[in-house]
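Notebook open, two chains on the screen.

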Amino acid sequence: MTGPVTSQDQSQGEFLRIEGLDVGYTTSAGQQQVLHGVDLSVGRGQTVAVVGASGSGKSTTAAAAIGLLAGNGRITGGRICVAGEDVTHALRGGDEARLRRLRGRQIGLVPQDPMSNLNPSARIGRQVAETLVVHGLAKGAAARERAVELLQEAGIPDAGRRAKQYPHEFSGGMRQRVLIAIALAAEPELLIADEPTSALDVTVQRQILDHLQELTRARGTSLLLITHDLGLASDRCDDVVVMSEGRVVERGPARRILATPEHDYTRALVAAAPSVAARTAPRTRPAVAAVAAGRRGEPPVLEVRDLVKEFRVRGQREKLRAVDGVSFTVPAGTTTAVVGESGSGKTTTARLVLGLEEATSGSVLVRGESLSSSGRARRRAVRRDMQPVFQDPYGSLDPTMTVEKLIDEPLRIFAVGDPRSRRTRVAELLDHVALSRTLAQRRPAELSGGQRQRVAIARALALDPKLVVCDEAVSALDVLVQQQVLQLLERLQEDLGLTYLFITHDLAVVRHLAHDVLVMRRGRVVEHGSVDDVFERPQHEYTVDLLSAIPGRAA
Amino acid sequence: MSRFLLTRLWQSAVTLVLASMVVFAGVRALPGDPALAVAGEEATPETVAAVRAQLGLDQPLWVQYGRYASNLLQGDLGTSVRTGTPVSELITGTLPVTAWLSLYAILVAIVVGVGTGVVAAVRRGRWPELVANGFSLLALSVPSFWLGLLAILYLAVGLGWFPASGYVAPSEDPLRAVYHLTLPAVILGTGLAAVIMRQTRASMLQNLSSDYVRTARAKGASRSAVVLRFALRNSLVVVVTLVGLQLGGLISGAVVTERIFGLPGFGKLTLDSVFSRDYPVIEGVVLVVTLAYIVINLAVDVVYSVLDPRIRVGGGAR
């Protein structure tokens, strides 16, 4: 099966060619086909993006090309050619030696999650040097020296010293740089980057992608970028391949795909991509002016004054100020977004508002009442007025409870009504969040991510709260699902007059939903204003930086 | 690191003092009278009283403990009530036997347990895993004395491959020492091997499917390198924890094993002294075992930090 491809011109400009690739997984339910005749090619020095939602098969395609399908995955049809040589047999596991020459030497892989992809018990320098050693390119002191050079090229300052450290001493961005150094060490001709930055902050994301592009361009390395972000793909790549349900639905030059998508799915993806939408005119939000006008004179739903939270850091005398003098108000029926990168203090602020964490100083007033006010009954009433929706729809729902039980729980805790009236209320709430009533007896494992987040929202609404605190509530969802949930939140605000405090790292989402924006950095509010002001006329340097880091500027 | 060691040593000293008190009180709470045991069943009450006074057992408990502790600080563990031999002599005479047996058993357990665990993980769902799982189930459910008896019956008496009993010190003749200790060590180590095998297998499976192993394979690393250098190395923390925790069981298991194989070890000394209410010997034995536990736990903590750089003892460089 191994041998040169007959047609000469195929191997000329092309480095990777995937033809009619079928991949199946063996499960207890039998063979499940996840890729159906995928065609893909990457020319030498070319950058190609594969875009799709989770489950579209984009990562499976990449894994098949480097022979790293999960244990029960098999290539069941089609073929893969690298530099004109058919390597399908090796990729199927038929030729381990050939496969090892392919991996690292011909095709490098930059994986998704920098936190879990480095060996926790080996020094960084050794992990980079290893690629050189296994391919016989260098050994001993020479390999170590080259590893330091590679780390330096990947943008790691003080690489000589850092090479002797362990992964846990590196930040996420730095680890991703290490992984890039590892992937490029043996100078492969193609780099597959599987969502290389989706776990990173937006400004770090841009730096890493810039650097990755610089390095591949300088070496003439081809790049296959796997991403869910159409904006990012169009920024960075020559060609875009759109996948859905294991099939390629559209392909073409990045600009063409973004400007005139042909396939329905691509069109939906373009419309939903938050990074793209962020540049277009803001959608008409709930008649906020009218709402605000109607309630003028009413106290704001949430008032935060000089909030400070200090943490003790082990082994350090000075305390860490996670939240440093934050003040803001959220008027009734409006949405205030708190944006910032990891470590900015946005999530701690949310936890302080919810009373999950005790403030060092400052106050949080919900409709003029404080959680620290005296009296159990009063505190309970304040708690009842605000409800959270958290990021992880998988982790925040008790897997042993049914949907009905989950939504009903706050009602039981606050002893609202009797079992019958509660059942009616649950059905009503399911209608509110556009979930079928037939789902009431299912458990979280039997729902999709979007459905679970709807359940979490329904649970938050059960007690008729005035304030809903959404902590990265849509960050874990695919773009299309994300858009639906955002629309749901908007509709609920209109219908029920809800007030939202929306914590997010994703500026693009903010534009969709918020009326006011707070930009946080290192515990402080660096900018505060209406969403239009902040997006159109950012004052602070950091805000400008954040805004320009949103992908999707190219088109 | 040194601060960590100092703290741990201080804690160990306190533990040791508390242990000596508990044992002292506990031994005296046992039914039975050492004076009676020494004087004999036929002795008159007067003789028994005289023996009791001679042993100092007529004094209040705290006076007895005070005398015991002050002797202890001078390195004097007392003398056996039964034989009149100094306890320290009894312990130094028997401890090496048990120490060699335990060390050998741990070695067997680690080699067999880690080996079968790795094979079971790598050959998942095929016959080697079934064999390994079957072995661990058997090893865990069959009591070691029964296994010991079977081994003596078939391997020693039947086939004559090993001696059925006896002990030779490694300092005298290392080869014959190994020959004599192999069967008891295998029997003693079997249970531990089964536990280690299960944990190694579980930990290996988890590590083998981890992202960093996938990345290592993407580098072009060979399968054996990935298994040994990446997955196994990161699985060893679990094994070390387990060995530390299970050593206690090993020491108590040694009591039974020594009895079956007639080894003149610590276990035999313990049993004999408990049966004859030989207070000073029981106290000495428990104190030494406590000390062994403390040292082992300290060693486990140090090995941790070597195996896993994320576990930093006492700050270190950050």
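Ground rule for sheets before I start: I call two strands paired if DSSP finds at least two bridges between them. Strands (E, at least two residues) and helices (H or I, at least four) are DSSP runs, numbered from the N terminus.

Housekeeping: this is a predicted model, where local features need pLDDT of at least 70 and side-chain atom pairs count only at pLDDT 80 or more, while totals for chains, interfaces and linings use all residues. Residues are numbered from 1 along each chain as its sequence is written, chains are lettered from A and ligands numbered from 1 in the order in which they are written, and side-chain values use heavy atoms, with hydrogens and water left out.

**Entry 1: a covered strand in chain A**

I began with β8(A), residues 190-194. On one side, β8(A) is joined in parallel by four bridges to β7(A), residues 107-110. I checked one position there, and A:I107 stands opposite A:L190. β8(A) also pairs with β9(A), residues 222-227, again in the parallel sense, over five bridges. In that pairing I find A:A193 across from A:L225.

How many residues of β8(A) are buried? Five of five are, taking buried as under 20% relative accessible area, exposed as over 50% and partly exposed as in between (1.4 Å probe, protein chains only). Side chains in a regular strand alternate between the two faces of the sheet. Here I looked at each face: A:L190, A:I192 and A:D194 are buried on one, and A:L191 and A:A193 are buried on the other.

**Entry 2: β2, β5 and β6 of chain A**

Next I followed β5(A), residues 73-82, which runs antiparallel to β2(A), residues 14-27, with eight bridges joining them. A:D22 sits opposite A:G77 in that pairing. β5(A) also pairs antiparallel with β6(A), residues 85-86, over two bridges, and A:C81 faces A:D86 there. Two residues lie between the strands of this hairpin, and A:A83 has a positive phi near 50°.

A:D86 came up again when I turned to charges. It makes a salt bridge with A:R79, with the closest N and O atoms 3.6 Å apart; the rule asks for a side-chain nitrogen of Lys or Arg within 4 Å of a carboxyl oxygen of Asp or Glu. Buried or exposed, this A:D86? A:D86 counts as buried because its relative accessibility is 8%, whereas A:R79 is partly exposed at 26%.

Interface size is often given as the accessible area lost when the parts come together. For chains A and B I get about 2,300 Å² buried, 49% of it on carbon and sulfur atoms; the figure is the accessible area (1.4 Å probe) that the two parts lose on being put together, summed over both. Counting contact as heavy atoms within 4.5 Å, I have 28 residues from chain A and 20 residues from chain B.

How many salt bridges cross this interface? The rule finds two. One joins B:R229 to A:E130 at 2.1 Å, N to O. That pair runs from α10(B), residues 223-261, to α5(A), residues 124-134. B:R229 is partly exposed at 37%, and A:E130 is buried at 7%. A:E130 also bridges to B:K219, where the closest N and O atoms are 3.3 Å apart.

For the whole model I noted 39 salt bridges over all chains. Among them is A:D431 with A:R437 at 2.6 Å, N to O. A:D431 is partly exposed at 41%, and A:R437 is partly exposed at 48%.

**Entry 3: two stops in chain B**

I looked up B:W10 in α1(B), residues 2-29. B:W10 counts as exposed because its relative accessible area is 60%. Together with B:V14, B:V17, B:L18 and B:M21, B:W10 forms a nonpolar surface patch with about 500 Å² of accessible area. Patch rule, for the record: residues have over 30% relative accessible area and no salt bridge, with like charges joined within 9 Å and nonpolar side chains (Val, Leu, Ile, Met, Phe, Trp, Tyr) within 5 Å. The areas come from the Shrake-Rupley method with a 1.4 Å probe, and for residues only the protein chains shown count as cover.

Last, B:V302 in α12(B), residues 279-307. B:V302 is partly exposed at 28%. Its C-alpha atom is separated by 18 Å from that of B:I106, 196 residues apart along the chain.
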